[in-house]
Amino acid sequence: MKNFIMTVPMQAPTNLHKIKYISMGGKELESEYETCYPVFAVLDNVVAVGEKVKLTLIVVDHDNARSNLASFLNELKDFAGKHSFTYEIQKLDTPYDESTDTHLELFGKVIDSIAPGDEITADITYGSKPMPMIISMAMSYAKNNISETDIQRIIYGRYDFVHNKAFVHDVTALFYMNSVVEKLGHTKAEDPRNIIRTMLEL
């Protein structure tokens, strides 16, 4: 099943504005849909009529996050109705706390949300700075330990305040680059950049 993992933003709802995200990562991110949440650009392209998908939502114990969750779920309900697909929600609650214990607990929750055969899209636009690291660690674990898991894409949205434009980027290559770097550490390569670039282009 397609599994879309994202963190619900903690910004004040008044600071979130719907806008069309310009794709910087290929056709699967191209969408005319205006939203605060880049994940909708992917949903707009990869979910088929009649398909059922999972959305795994990391929700910090914070008033803004709870308000934004309600707004996101309302938008998702309307979007799914118009695009004729169904979904299930996995809500991962986490404290408003940046302790190692909290990070480890959330890491475990993300792993538990992934089933064998899941096709994963992770949206790392929102959340505290450690959140993308936790999600990336969980993706690495899933790739190596949960059978037939496919890390299809990792995306993030960027807002250009100077030109009032928003962009969505595909950074999946960075995820796989980390695996390459770990392997290269044992080879003592003199110039790992060329090797990484060649392997990513395969």
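The structure is a predicted model, so local features are described where pLDDT is at least 70 and side-chain atom pairs count only at pLDDT 80 or more, while totals for chains, interfaces and linings use all residues. Residues are numbered from 1 along each chain as its sequence is written, and side-chain values use heavy atoms, with hydrogens and water left out.

Let us start with the whole chain. The protein chain has 6 helices and 8 strands. Here helices (H or I, at least four residues) and strands (E, at least two) are DSSP runs, numbered from the N terminus. Read from the N terminus on, the elements follow the order β-β-β-α-β-α-β-α-β-α-β-β-α-α. Of the 202 residues in the protein chain, 44% are buried. Buried means under 20% relative accessible area, exposed means over 50%, and partly exposed lies in between, with a 1.4 Å probe and protein chains only. We will also speak of contacts, meaning heavy atoms within 4.5 Å. Among contacts with a separation of 6 or more, 70% are between residues 24 or more positions apart.

Now look for the sheet. It is an open sheet of 8 strands with mixed pairing, in the order S3-S2-S8-S7-S6-S1-S4-S5. S3 and S5 are the edge strands: each has a single partner strand, so one side of each is left without a neighbour in the sheet. Two strands pair if DSSP finds at least two bridges between them. S1 and strand S6 (residues 119–123) run parallel and are joined by 5 bridges. Along this pairing, Asn 3 stands opposite Ile 120 in S6, and Phe 4 has Thr 121 in S6 as its bridge partner. S6 also pairs with S7, again in the parallel sense and over 5 bridges; there Ile 120 stands opposite Ile 151 in S7. S6 is mostly covered, with 4 of its 5 residues buried. In a regular strand the side chains alternate between the two faces of the sheet.

H2 lies across S1, S3, S4 and S5, and runs at about 165° to S4. For these angles, axes are lines fitted to C-alpha atoms, for helices over the stretch in contact, and angles run from 0 to 180 degrees between N-to-C directions. Helix H3 (residues 100–112) has 13 residues and reaches 18 Å from its first C-alpha to its last, close to the 18 Å expected. That expected span is 1.5 Å times one less than the number of residues. In H3, Thr 102, Leu 106, Phe 107, Val 110 and Ile 111 are buried. Their cover includes strand S1 (2–7), strand S4 (52–60), strand S5 (86–94) and helix H4 (130–145).

Aromatic rings deserve a stop of their own. Rings of Phe, Tyr and Trp (its six-membered ring) pair if their centres lie within 6.5 Å; planes under 30 degrees apart count as stacked, over 60 as edge-to-face and the rest as tilted. By this rule there are 11 aromatic pairs. One of them joins Tyr 37 and Phe 72 edge-to-face, with 5.0 Å centre to centre and 80° between the planes. This pair links distant parts of the chain, 35 residues apart: Tyr 37 sits in the loop between strand S3 (34–35) and helix H1 (39–46), and Phe 72 in helix H2 (residues 63–83). Both Tyr 37 and Phe 72 are buried. Phe 79 and Phe 85 form an edge-to-face pair too, at 6.1 Å centre to centre and 65° between the planes. Phe 79 counts as buried because its relative accessibility is 1%, and Phe 85 because its value is 5%.

We finish at Met 1, in the segment before S1. Its 38% relative accessibility is why Met 1 counts as partly exposed. Met 1 and Lys 54 are 53 residues apart in sequence, and their C-alpha atoms are 7.1 Å apart in space. Not counting residues up to four places away in sequence, Met 1 touches Lys 52, Val 53, Lys 54, Glu 88, Gly 117, Asp 118 and Glu 119.
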